[in-house]
Amino acid sequence: MLSRKYFVEARVGKSELADYLLAIKLDARVMTIHYLKNVTEEELDWQPFVGWNSIAALLSHIIACDRYFTIAFIEDRELTELEKNEIMPAIELGKYASGFKGQSASYYMERLHATYEDTRKAIINMGPDALLKRRFDDYDKVKGSDLAWILYHGAEDEVHHRGQISMIRKLYQEMKPKQS
């Protein structure tokens with residue numbers, strides 16, 4: 001069970017920067033899981049308006065981003081065709097958003113825990129800061145970005161989507177009973 005820590009744990013990874021990124025990732029994930037307390041399957045699948053994301057779609061996106069970032073940036077390899085088929089619809093959402101339905105809260109909790117652990121282990125095993133400073137051109141073709149920023153961005157993206165999840169849950173409470 002993941003629990004919130006109110007400090008950056010030292011010597012978890014192989015550098016202070018890795019420890020800091022691990023603390024950010026842990027806090028983002030713990031709070032995402034906290035926001036899902038007592039969520040129902042109906043709530044997970046509900047879309048407030050046509051074309052909007054559901055909570056299930058947003059959770060699928062968070063999980064897919066973890067997997068993608070670990071594979072593409074930490075493992076530094078291309079996705080296999082199977083991985084592309086599994087991961088990319090959840091990363092892109094858009095036209096795929098309504099396809100994320102029918103799973104239980106425990107399904108998403110298990111996947112949130114598993115992808116967190118995979119990312120955590122990958123960061124711990126990564127090695128020195130030089131790897132975290134490795135340049136990638138995915139976000140800025142001119143200036144580039146480093147892996148540390150990409151991992152921070154992953155946590156930032158999760159926090160952003162957690163806000164959307166909170167908003168959808170509030171809309172569900174207000175709108176869903178009136179539509180029944």
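The model is a predicted one, in which local features need pLDDT of at least 70 and side-chain atom pairs count only at pLDDT 80 or more, while totals for chains, interfaces and linings use all residues. Residues are numbered from 1 along each chain as its sequence is written, and side-chain values use heavy atoms, with hydrogens and water left out.

The side chain of Arg 135 meets that of Asp 137 in a salt bridge, at 2.7 Å from N to O. A salt bridge here is a side-chain nitrogen of Lys or Arg within 4 Å of a carboxyl oxygen of Asp or Glu. Asp 137 is partly exposed, because its relative accessibility is 34%.

Arg 135 is also one of the residues in contact with Ser 145; the others, leaving aside neighbours within four places in sequence, are Arg 134, Phe 136, Tyr 139 and Ile 150. Contact means heavy atoms within 4.5 Å. Ser 145 lies in strand β2, residues 145–146, where helices (H or I, at least four residues) and strands (E, at least two) are DSSP runs numbered from the N terminus. Ser 145 counts as buried because its relative accessibility is 11%. Its C-alpha atom is separated by 8.4 Å from that of Lys 133, 12 residues apart along the chain.

## Salt bridges

The structure holds 14 salt bridges. Side chains of opposite charge can pair when their charged atoms come close. One of the pairs consists of Arg 29 and Glu 158, with a distance of 2.7 Å from N to O. This pair links distant parts of the chain, since Arg 29 belongs to helix α1 and Glu 158 to helix α7, 129 residues apart. Both Arg 29 and Glu 158 are buried.

A further pair is Glu 9 with Lys 5, whose closest N and O atoms are 2.8 Å apart. Glu 9 counts as partly exposed because its relative accessibility is 36%, and Lys 5 counts as partly exposed because its value is 34%.

## Pocket and cavities

Helices α1 and α5 each supply at least two residues of the lining, and α1 gives the most, with 5 residues.

Pockets and cavities are found on a 1 Å grid over the protein atoms alone: a cavity is a set of points where a 1.4 Å probe fits but cannot get out, a pocket is an open set with protein on both sides within 12 Å along at least five of seven lines, and lining residues have an atom within 4 Å of a point. Grid points are joined across faces, edges and corners, and a volume is the space filled by probe spheres set on the points. The count of cavities of 30 Å³ or more is 2. The largest cavity has a volume of about 90 Å³. It is lined by 13 residues, of which Lys 25, Thr 119, Leu 151, Gly 154 and Ala 155 are the closest to its centre. The elements giving two or more residues to this lining are α1 (16–35), α3, α5 (105–124) and α7 (147–179).

Ala 90 lies in helix α4, residues 81–92, and counts as buried because its relative accessibility is 4%. Not counting residues up to four places away in sequence, Ala 90 touches Ser 60, His 61, Ala 64 and Phe 100. The C-alpha atoms of Ala 90 and Ala 56, 34 residues apart along the chain, are separated by 10.0 Å.

Two loop residues have positive phi without being glycine. Asp 76, in the loop between α3 and α4, has a phi near 55°; this residue is partly exposed because its relative accessible area is 47%. Leu 93, in the loop between α4 and α5, has a phi of about 55°, and counts as buried because its relative accessibility is 7%.

## A nonpolar surface patch

Phe 49, Trp 52 and Met 167 make a nonpolar surface patch of about 280 Å². Patches are made of residues with over 30% relative accessible area and no salt bridge, with like charges joined within 9 Å and nonpolar side chains (Val, Leu, Ile, Met, Phe, Trp, Tyr) within 5 Å. Accessible areas come from the Shrake-Rupley method with a 1.4 Å probe; for residues, only the protein chains shown count as cover. Trp 52 lies in the loop between α2 (41–45) and α3 (55–74), and is partly exposed because its relative accessible area is 34%.

How values were computed
Buried < 20%, exposed > 50% of the residue type's maximum accessible area, 1.4 Å probe, protein only.
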